[in-house]
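Please read them against the coordinates.

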Amino acid sequence: MANRIEELALFGGAKTKTTPFGAGKRFGAEELRELEEALNQNTLFYHFGNKVKTFLSDFNSMYDVTYSVATSSGTAAIHVALGAAGVTVGDEVITSPITDAGTVIGILYQNAIPAFADLEPETYNMSPASIEARITKRTKAIVVVHLAGNPCDMDAIMDIARRHKLVVIEDCAQAYLTRYKGKLVGTIGDYGCFSTNDFKHISTGDGGIVTINSGEDMDYMTAHAFADKNYSRFGAVVQRDITGLAPNYRMTELQGAVGIAQLKKLGRICERRTVLGDRITQGIAGAPGIRPHRVEAGNRCTYWFYMLRLDLSALDCTREQFCRALEAEGVPNRAGYIPSVLYMQPMFQNRSAYKNSAFPFELSDVAYDAGSCPEAEAILETAVQIPVSEFYSDEDAEAIAAAVRKVASAYSKR
């Protein structure tokens, strides 16, 4: 083993990746043309301009949905879906413990209580069995998170939801053009929520979209109004009679303009990421102590990032040592994804969403104990995240795989 370790770049051996990773420009002349047209409208307000409307029309065509609503962020998109679905004070909403805070912010703003389901150990997605086990008489909805562009087991989740009369909201912030058994995620649940934050497949700086999958006019009008202070702006009619509390989550014409140009690139971006991620999986298959990110047969992952797990019982190193060795081989990476499962964050441990208040946590007996989602906790303790870019070459993906195999072999106990 000593000879193998000495061959690592970390200890003076030859580096695996010696050339820069592929890079490129995300924005160009197409975005500039759309922005110029937006400015020439002499309005940047979505109701009077045409850019947000066109952006949504193009998105609806791509996703084959009748209605969608633009928002100011992906976080806002989830909040709009929750509000439109009628999630309210004291309701419980089941979601993933490995996700961005944006997934739970809207739940708490509706004064509902997040409950966390455990994950599948190889896909990092919500376990249907764990979801069903978390259902109580207070449960109103499930927010499904398709982490890193890998689709959840939607047939099983939808079956559970229909049997228990629950709303299903899909968090597709990292899952553009991801397919579950041929179906686009974001069109399977009652609502699909997307982000156009700068750290997503396409960017408008910030922004979001909610698909209204019932296709019903009233569902669309409710969601549209909830994103705009519960004002109803349709055609020449603007109704400002406030029927209930709602936020201001409007998208501007500048965001819509950039979105139009970005959507034209989305197919190529996602196709390339799928090829690269699958190539990494193939390249590291069978490497000692390595558990690749599993995509179930018949599904399509669009890899916002690549995340593998280490079987540390098969390796003579810590995860931190593995990460340092991989970095030395020329492959950027980081340990884990978020610092800890969400329920171990101070807001949940202190049961305090609002300063000096235990509301709405006091309305429910949902527990946030360490060990309550053991698979999720184990994932974060053993995961290694590697960035993926549509600008990477095939050789870049092969170098990532080669570096992972080299480090795994050097530290293998076999």
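The questions below cover a helix, some aromatic rings and a histidine.

This is a predicted model, where local features need pLDDT of at least 70, side-chain atom pairs count only at pLDDT 80 or more, and totals for chains, interfaces and linings use all residues. Residues are numbered from 1 along each chain as its sequence is written, and side-chain values use heavy atoms, with hydrogens and water left out.

Q: How far apart are the end C-alpha atoms of helix 3?
A: Helices are DSSP runs (H or I, at least four residues), and strands are runs of E with at least two, numbered from the N terminus. The expected span is 1.5 Å times one less than the number of residues. Helix 3 (residues 51-63) has 13 residues, so it should span 18 Å, and this agrees with the distance between its end C-alpha atoms: 18 Å.

Q: Which residues of helix 3 are buried?
A: Buried means under 20% relative accessible area, exposed over 50%, and partly exposed in between (1.4 Å probe, protein chains only). The cover over the buried residues of helix 3 includes helix 2 (29-40) and helix 9 (253-284); contact means heavy atoms within 4.5 Å. The buried residues are Lys-51, Val-52, Phe-55, Leu-56, Phe-59, Asn-60 and Tyr-63.

Q: Phe-45 and Phe-48 form an aromatic pair of what kind?
A: Rings of Phe, Tyr and Trp (its six-membered ring) pair if their centres lie within 6.5 Å; planes under 30 degrees apart count as stacked, over 60 as edge-to-face and the rest as tilted. The whole structure holds 17 aromatic pairs. For Phe-45 and Phe-48, the centres are 5.6 Å apart and the planes stand at 50 degrees, so the pair is tilted.

Q: What is the relative accessible area of His-146?
A: His-146 sits in the loop between strand 4 (139-145) and helix 7 (154-164). Among the residues that His-146 touches are Asn-125, Cys-152, Glu-170 and Val-185. His-146 is buried, with a relative accessible area of 1%.

Conventions:
Lists of a residue's contacts leave out its neighbours within four places in sequence.
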